[in-house]
Amino acid sequence: MSIHLNLELTDHCNIRCRMCSQSLRDEAHGVPHRFMAWETWRQSLQGLAGMEDEVHLCPHWLGEPTIHPQFDRFVEYAFAVNPGNRLFREFKLHTNAVVFGEERARLLIRLANSPGMAADTFRTVHFSIDAHSPAVYADVKGADRGAQVYRNVARFLRLREELGGLRPHATLAFVVQPGNAHEARAFRDHWRDLLRGLGREVDQSWDWPAREVDTIYFRPLNAGNQEDMDALHARVCRELGIAPPGVEQRLRAAESF
Ligand code: SF4
């Protein structure tokens, strides 16, 4: 059996996505936002030794993990103490890629392709992007960071090829909503063409990525008017040619987050 473990490095975030309640409140767990202490991280990881179940680790729940002041140190330590996968079998990162410079990209690619652990330990970086143009990014994500995010993600993808790294695979995610649905095709075309140009296999998906390859992932929005949002998502996915028959009914069974 496997256990999915989210060790939340922080519940702070540096942007304010429309679709995220995290951006609407000053606290997320009944106390002011915080950053995880080093000793908490170290002891949490060491406490995984000897677990019978396979641990799938993600340093994120709410908030944006990469804005932790010691994010790089935390992640580097996790891999340094995991030879032979003694503490965790899989690792994945979710990020908005606002604070995602070249050194960080190089570090993550190096860790993902380092010997001494199963080759598919660091499987995925999930990039929450949700827009194509800077204007729509600013509207949907609540911050004028669209061009910066596109540069950061593209640099990461190119560096991964330059460094000869297979992993981590990238998920380019787009939560379909009224403010960005008209940009879904441009988003898909941009990232598909960039990845194909790098010689990568690319999936396009209406549901959580099922295969271990780079994937452009269109997610439905969780909202009060769920039927409307599912219908919008289904329409966009049909227009992109990636929706299976009856996609609306399948969505709720799969859940969107
Ligand atoms: S980047 Fe993530 S945590 Fe931050 S507001 Fe957007 S969805 Fe929420």
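Predicted model: local features only at pLDDT ≥ 70, side-chain atom pairs only at ≥ 80, totals over all residues.
Entry 1: I began with the strand order. Seven strands make up an open sheet, arranged β1-β2-β3-β4-β5-β7-β6, and the pairing is parallel. I then looked up the edges: β1 (2–6) and β6 (202–205) stand there, each with a single partner strand, so one side of each is left without a neighbour in the sheet. From one strand to the next, I noted a twist that averages 20 degrees.

**Entry 2: β4 and β5.** Strand β4 (residues 122–128) runs parallel to strand β5 (residues 169–176), and five bridges join the two. For S128 I looked up the bridge partner in β5 and found A173.

**Entry 3: α3 and α5.** I turned to the helices. The axes of α3 (residues 102–112) and α5 (residues 146–162) come within 10 Å and cross at roughly 45 degrees. I recorded the crossing of α3 and α5 as right-handed. On the α3 side the contact involves E102, A105, R106 and I109, which meet R155, F156, L159 and R160 of α5. Sorted by class, this contact of α3 with α5 has four nonpolar and four charged residues, with no polar ones.

**Entry 4: the ligand.** Lastly I listed what surrounds the ligand. The shell consists of twelve residues, of which C13, C17, C20, Q22 and N96 are the closest. By class, I noted five nonpolar, five polar and two charged residues around the ligand.

How values were computed: Residues numbered from 1 in each chain as written. Near = placed C-beta within 6 Å. Nonpolar A, V, L, I, M, F, W, Y, C, P; charged D, E, K, R; others polar. Axes fitted to C-alpha atoms, helices over the stretch in contact; angles between N-to-C directions. Helix = DSSP H or I, 4+ residues; strand = E, 2+ residues; numbered from the N terminus. Left-handed = near helix turned anticlockwise from the far one by under 90°. Contact = placed C-beta atoms within 7 Å. Pairing = 2+ DSSP bridges.
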